[in-house]
Amino acid sequence: MAESEWANKDYYADLGVSSSASADEIKRAYRKLARENHPDTNPGDPAAEERFKKAAEAYDVVGDSKKRKDYDEFKAMVGSGRFFGGNGGPGFPGGFRTSTDGGGFSEFFTQGGSGFAGEGGIGDILGGLFNRGGGASRTAQPSRGADVETHITLDFREAVEGTVIPIQLTGDAPCGTCHGSGSKSGNPTTCPTCHGTGFTSEQKGAFGFSAPCTDCGGSGKKITDPCSNCHGTGTVRRTRSITVRIPEGVRDGQKVRLAGQGEAGPNGKPSGDLFVNVTVRPDKVFTRDGNDLEVTVPVTFAEAALGDTITVPTLGKPVKVKLPAGTPSGRTLRIKGRGVKGGDLMVTVTVTVPTHLDPAATSALRSYAQAEKDSGFTPREDWMKQHK
């Protein structure tokens, strides 16, 4: 794409957020757009598909903290006029060497002196725009299929223990007739315009620019005998079933990535990835804190005061736990290794007061209450001292 076209892209606007939005706000906005505009939800709607692709492209940049920083810096430079000067050259502060004095425009993106080099930085973002190194165009990177995002809902125990579930996806898949090549013979020819590099070069004064070859779309190959089934694209739209293995201990809101399970790339290029967003239903008994499981177990006053052995539920078989004498209501006991992926089970005991007592139990309890009073036990004594 032309430099002006790239510079005018507004990834924040594509996601419907401001440039000051937090990482969580950006993530929520992307998920909402992806869910609303996913091709599976809007079959045959090219406008929704385009919004889905724009949102994915935007999130790939501003959803990554380092890429976002580089993108913001670049946009600020473009907005201030310091990137492309009015005299035909860049107006970087502190001076800038052109290609004639040993450095040049390409050095800005490759040498790291300006803080934009390195994987994932402006050098990568503008990889298809400027000719790095000042020589011949670099070889075009292979394109890939679109990433796909889907949602599943799991029971609490399925998420904790891991599971395998089948899902159906509708999208681009390799053409069975030409095996994804797009060519009837299976042998695409080298593009005569770019000689297989995927890029064409143009010299503008002291600067060299490269752009994807318009004759082959940047692939470096041309289909001279297109397949009659896929019309040369190498892909066809179909519904397929795949089995997704959900790992043990997946959390609510977690995203599971399956490499190469997204849509097929054009003309035999690699497939995109599949991202499975997981929602976990709450459990009636257990809650989760990291890899620890939490459960609340009711006990009687006698069990708490005298001590006893109680039965506690786990995700497997129930276990017996010794309750020490004098255990207060609300105390938490730890059972090692009974949580998630080697975590612990945290058992909180609560003393339950009976609401109905028969005459014998009432008489016994009155006798105990009198004995307790005679012993001098006053449960509110320390509490009263603190509130004087």
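**Close-up views of a predicted model**

**View 1. Residues that line the second largest pocket.** In this predicted model, the second largest pocket is lined by Thr 300, Phe 301, Ala 302, Ala 305, Leu 306, Val 351, Thr 352, Val 353, Pro 354, Leu 357, Leu 365 and Tyr 368. The space within this pocket amounts to about 280 Å³. Ten of the lining residues are nonpolar and two are polar, while none is charged.

**View 2. Helices at the second largest pocket.** Two helices, H9 (301-306) and H10 (359-374), each contribute at least two residues to the lining of the second largest pocket. Helix H9 provides the largest share of this lining, with four residues.

**View 3. The open sheet of four strands.** The strands of this open sheet follow the order S10-S11-S15-S14, and their pairing is mixed. Strands S10 (287-289) and S14 (332-335) are the edge strands; each has a single partner strand, and therefore one side of each has no neighbour in the sheet. From one strand to the next, the twist averages 35 degrees.

**View 4. The pairing of strands S11 and S15.** Strands of a sheet pair through backbone hydrogen bonds, in either a parallel or an antiparallel manner. Strand S11 (residues 292-299) and strand S15 (residues 345-351) run parallel and are joined by seven bridges. Val 297 stands opposite Val 349 in S15.

View 5. In residues 191-198, the end C-alpha atoms lie 8 Å apart, and the span is 0% helix and 0% strand. For residues 213-220, the end C-alpha atoms are likewise 8 Å apart, with 0% helix and 0% strand in the span.

Key:
Residues numbered from 1 in each chain as written. Predicted model: local features only at pLDDT ≥ 70, side-chain atom pairs only at ≥ 80, totals over all residues. Heavy atoms only, no water. Pairing = 2+ DSSP bridges. Axes fitted to C-alpha atoms, helices over the stretch in contact; angles between N-to-C directions. 1 Å grid on protein atoms, 1.4 Å probe; cavity = no way out; pocket = protein on both sides within 12 Å on 5 of 7 lines; lining within 4 Å. Points joined across faces, edges and corners; volume = space filled by probe spheres on them. Nonpolar A, V, L, I, M, F, W, Y, C, P; charged D, E, K, R; others polar.
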